[in-house]
Amino acid sequence: MSEIEIYSAITVLNGIGIGKGATIGTDIKHKIRIHEGEGIQIKTNPTNDQKLALTCIDDFSEKYNISVDNITIETDLSFMSERGLKTSSISSLGIMILLKRYFDVDSSEREIIEMSCKSSIKAGVSITGALDDAYGCYKGGFVVTDNNNMRILKEHQLNLDKEIFYLIPNDVNVKSNFEFKPNIMEKYILNNVLKACLEGEWKKSIEFNTNLYSDYLLKDTDVIKNLREETKGVVGINGLGPSLFLVSDEYDASKNFEIIKDQFKEYDVIRGNLR
C-alpha cells in the first residue's frame with residue numbers, strides 16, 4: 001500500500017473573478033491511499049461522490065496509455081466537501097501523485113499538479129481548476145497563480161507565528177450553481193488584490209477579497225463584521241464558501257478560540273497553523 005498526506009490551504013484571492021488566484025498553505029492533514037484490489041474501488045471518508053476519483057483514473061490512464069485496474073483508492077479527509085475547503089484539490093492531487101507512484105510513471109511534479117487541476121474541472125468540482133489551491137496544499141507558503149494559463153506567478157515563503165481557525169457550517173455551496181461576472185469596478189478591485197498578492201501583502205488581500213465576495217457567497221454578511229470586531233483577527237472566506245477562516249496571532253489564539261466557540265455556535269471549528 002502507498003499513502004500520501006496532503007495538506008490544506010486558505011483562500012487569499014479567489015480565482016473565479018479574473019482567472020488568477022492565491023492561497024496560503026495550512027498544516028491540516030488529509031490522507032489518501034492506494035493499494036491492490038479487485039476491479040476499481042473508491043472508498044471515501046467522509047462519504048463523497050466518486051466521480052472525481054474516477055475522472056482522475058481515466059485521465060491518468062489516457063495520458064500515459066496505462067490500463068488502470070485492480071486497485072483500491074481510499075480518501076480520508078478532515079473536511080466535508082462543498083464548503084470551499086479545497087477537498088477537490090486535495091483529493092485529485094493526492095490520487096494523481098499516488099497513481100504516478102503506483103504505476104512508476106516518469107512525469108514531473110508540475111505535470112501531475114496540472115493534471116489534477118484539469119481532472120477537477122472535467123469532473124465538475126472546480127470552475128477554474130484551482131492551480132493556486134493545488135499548489136498551496138502541496139507546497140505550502142503563499143502562492144499566486146494564473147489559473148487560466150496554468151502558471152505560477154509568485155511564491156512567498158512565510159515565517160509566521162499564526163494560528164488558523166476554520167469555521168465550518170452545515171450549509172453547502174454547490175459550484176455549478178454559482179456564476180460570477182465581475183463588473184468594471186469589481187475587476188479593478190480584484191486586479192488591485194492581485195497586485196497586493198504579488199507584493200506579499202496577504203492580510204490586505206484577504207480583507208479585500210472577503211469584502212468583495214461576501215455579498216455573493218454568504219447569506220448573512222454580518223458574521224464577517226462580527227468576527228473581525230470580536231477577535232481582531234484576519235477573517236476570510238474559503239473558496240466559494242460558506243466556510244470561513246480566522247488567522248490569529250498566537251498570543252490571541254486561545255482567547256479567539258473561546259470567542260468563536262461561545263459566540264459563533266453555528267460553526268464547527270478546526271484549529272491549525274499556517275505553513
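## Strand β8 and its sheet

In this predicted model, Val235 lies opposite Leu246 of β9. The strands β8 and β9, the latter spanning residues 244–249, run antiparallel and are joined by four bridges.

Both strands belong to an open sheet of four strands, arranged in the order β8-β9-β7-β10 with antiparallel pairing. Its edges are formed by β8 (234–237) and β10 (268–273), each of which pairs on one side only. From one strand to the next, the twist averages 20°. In general, the strands of a sheet pair through backbone hydrogen bonds, in either a parallel or an antiparallel manner.

Helix α7 comprises residues 222–231, and its residues Val223, Ile224, Leu227 and Thr231 are buried. Viewed down the axis of α7, the buried residues fall within an arc of 105°, and therefore they line one face of the helix. An α-helix has 3.6 residues a turn, so residues three or four places apart point the same way. The cover over the buried residues of α7 includes the strands β7, β8 and β9 together with the helices α6 and α8 (250–263). Just after α7, Lys232 adopts a positive phi of about 60°.

## Positive phi in two loops

Most residues other than glycine have a negative phi. Lys86, although not a glycine, has a positive phi of about 70°. The residue Lys86 is placed in the loop between β4 (71–76) and α2 (87–102). Its relative accessibility is 5%; because buried means under 20%, Lys86 counts as buried.

Asp104 is likewise not a glycine and has a positive phi, of about 50°.

Most peptide bonds are trans. The bond that joins Asn45 and Pro46, however, is a cis peptide bond, with omega about 0°. Pro46 is located in the loop between β3 (40–45) and α1 (51–64).

How values were computed. Residues numbered from 1 in each chain as written. Predicted model: local features only at pLDDT ≥ 70, side-chain atom pairs only at ≥ 80, totals over all residues. Heavy atoms only, no water. Buried < 20%, exposed > 50% of the residue type's maximum accessible area, 1.4 Å probe, protein only. Pairing = 2+ DSSP bridges. Axes fitted to C-alpha atoms, helices over the stretch in contact; angles between N-to-C directions. Arc of directions from axis to C-beta. Contact = heavy atoms within 4.5 Å.
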